[in-house]
Amino acid sequence: MLYEAFDKFLAVDTWHTRHPSDEQRFFTVLASVVKDPRFNPDELGEYFRQKKAVSRDDEKNMFNVAIDDYVTKAWAVKDYLKANRL
């Protein structure tokens, strides 16, 4: 599965803190999958929620906030690549 590439990222206890080293790890993995036509940032977010048992309904949950942030970043990268035909 495409999103399993993020399993090591999610295995690190600090993944949700959005510390620069966590974000670097996220973007490293993202670079390996973002150009795949099957990649969808919203599906990535659902994969994260499923793997970490985080409810989308709990908007104040720090994990949910971090997931939404990573989804937004993944969309930004995907849209940038598409707009620039990279």
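1. Of the 86 residues of the protein chain, 34% count as buried, where buried means under 20% relative accessible area, calculated with a 1.4 Å probe on protein chains only. This is a predicted model, in which local features need pLDDT of at least 70 and side-chain atom pairs count only at pLDDT 80 or more, while totals for chains, interfaces and linings use all residues. Residues are numbered from 1 along each chain as its sequence is written, and side-chain values use heavy atoms, with hydrogens and water left out.

2. The protein chain has four helices and zero strands, with helices (H or I, at least four residues) and strands (E, at least two) taken as DSSP runs and numbered from the N terminus. Along the sequence this gives the pattern α-α-α-α.

3. Helix H3 (residues 41–52) packs against helix H4 (residues 62–83) at an angle of about 155°, and their axes lie 8 Å apart. That makes H3 roughly antiparallel to H4, a word used for angles over 145 degrees, on a scale that runs from 0 to 180 degrees between N-to-C directions, with axes fitted to C-alpha atoms over the stretch in contact.

4. On the H3 side, the residues making this contact include Pro41, Leu44 and Phe48, and on the H4 side they include Ile67, Val71 and Trp75; contact means heavy atoms within 4.5 Å.

5. Among contacts in the protein chain with a separation of 6 or more, 66% join residues 24 or more positions apart.

6. The C-alpha atoms of the protein chain fill a box of roughly 35 × 25 × 25 Å, taken along the principal axes.

Terms used:
Angles under 35 degrees count as roughly parallel, over 145 as roughly antiparallel, 65 to 115 as roughly perpendicular and the rest as oblique. Buried means under 20% relative accessible area, exposed over 50%, partly exposed in between (1.4 Å probe, protein chains only).
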